[in-house]
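Here is a structure to walk through with plain questions. Each answer sets a value against the definition behind the word.

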Amino acid sequence: MRGLKIQLLSNALRPALRQHSSSSSVVANFDLDGVFVPIPTPYRANGDVDYGALAYNFERWEKIPFRGYCVGGSNGEGPYLKAEEKIEMVSKIRSMIGKDKLLIAGTTCESTKITCDLSKAAAEVGADGVLVMSPFYFKTRMTVDSRSIVHNMSFLQENSLYDHFVSVADSCPAPVIVYNMVPVTGIDLSVDILKKMSLHPNIVGVKDKDMGKLAALVTETRDQKFQIVAGSASYLLAAMLVGCSGGINGLAAVLGEPLCNMHKLAVAGQWQEALELQRKLVNIDLLVCVV
């Protein structure tokens, strides 16, 4: 029934929105080079999404040179949004932002099938890409801990996660970004499994917050069209220094302009000027973004 509701809603909204395909041109034009806002979801007193407040926020955000936005992620209280609300938000936000801005939808679900259904529905109403975390309800049975005593079991568990992401990527008409959010999932995807995922033509990147892993991933996937983005503004510059493309950073919702300026300076090789900005942002980010 839930899958049917998602499909019916996406069908109703589809005529007014651009279509997406899983062609190689879609992936080729999908570029994570820049700063993305994981938008907070404003609510009315009755618990409904406040689209008036959301439009007000986008009037300000659209004046800042962001690469794009992420809707329904951790910062957007994705776990508390119904699937229908996520699809409606993607549809409405698509009309609030410029065609040059990428719109990424958080589509994490515990079921592979429901994740596939939600990802397809989000793409059909305007999402340029989807951001997906590991399913984690049964985390003790879905671990990638290479230190497992029972090696064969560890191999099977790691492959179940790989199969989950590949199934989503196979079925989704929009590019997939893997979200390795260990504080939420309790599962830390290894460099090896992420490198394996990078070989899939529709898995285009990963968001992570481990600096060592970010650096290793840049090195291990350098021959792939695979982009790595930082999960926090507090180390965005360090991540770019080791080769990351940009970041999906909560602080961007309130201090987007200096973050975009820092990214621009780093791309231009003006590292000292960028470092001065980064130093000013670190403590603020630690206060605002605690996950």
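**What the words rest on**

Q: What makes Glu 77 partly exposed rather than buried or exposed?
A: Glu 77 has a relative accessible area of 32%. Buried means under 20%, exposed means over 50%, and partly exposed is in between (1.4 Å probe, protein chains only). With 32%, Glu 77 is therefore called partly exposed. By the way, this is a predicted model, where local features need pLDDT of at least 70, side-chain atom pairs count only at pLDDT 80 or more, and totals for chains, interfaces and linings use all residues. Residues are numbered from 1 along each chain as its sequence is written, and side-chain values use heavy atoms, leaving out hydrogens and water.

Q: Where does Glu 77 lie, and what is its phi?
A: Glu 77 is in the loop between strand 2 (68–71) and helix 4. Its phi is near 55°, a positive value in a residue other than glycine.

Q: How do you know what counts as a helix or a strand?
A: Both are DSSP runs numbered from the N terminus: helices are H or I with at least four residues, strands are E with at least two. Counted that way, the chain has 12 helices and eight strands.

Q: What makes Met 96 partly exposed?
A: Its relative accessible area is 24%, so Met 96 falls in the in-between class. You'll find Met 96 in the loop between helix 4 (83–94) and strand 3 (102–106).

Q: Which residues is Met 96 in contact with, leaving aside its neighbours within four places in sequence?
A: Contact means heavy atoms within 4.5 Å. On that basis, Met 96 is in contact with Tyr 51, Leu 54, Ala 55, Phe 58 and Glu 62. Ala 55 is 41 residues away along the chain, yet the two C-alpha atoms are separated by 6.9 Å.

Q: How do you know which strands pair in the barrel?
A: Two strands pair if DSSP finds at least two bridges between them. Strand 1 (residues 35–38) and strand 8 (residues 246–248) have two bridges, so they pair. Phe 36 has Ile 248 as its bridge partner there. The eight strands run 1-2-3-4-5-6-7-8 as a closed barrel with parallel pairing. From one strand to the next, the twist averages 25°.

Q: How many bridges join strand 5 to strand 6?
A: Four, and the two strands run parallel. Val 176 stands opposite Ile 203 in strand 6.

Q: Which way do the residues of strand 5 point?
A: Val 176 and Val 178 point one way, while Ile 177 and Tyr 179 point the other, and all are buried.

Q: What makes up the largest nonpolar core?
A: A nonpolar core is a set of buried Ala, Val, Leu, Ile, Met, Phe, Trp, Tyr and Cys residues joined through side-chain atoms within 4.5 Å. The largest has 72 residues, and Ile 39, Phe 66, Tyr 69, Met 89, Ile 93 and Leu 259 touch the most other members. Helix 11 (residues 252–267) gives the largest share, seven residues. Another core, of 15 residues, lies apart and includes Phe 30 and Val 204.

Q: Where does helix 11 bend?
A: At Pro 258, by about 45°. The bend is the angle between axes fitted to the seven residues ending there and the seven starting there. Just after helix 11, Gly 269 takes a positive phi of about 80°.

Key:
Axes fitted to C-alpha atoms, helices over the stretch in contact; angles between N-to-C directions.
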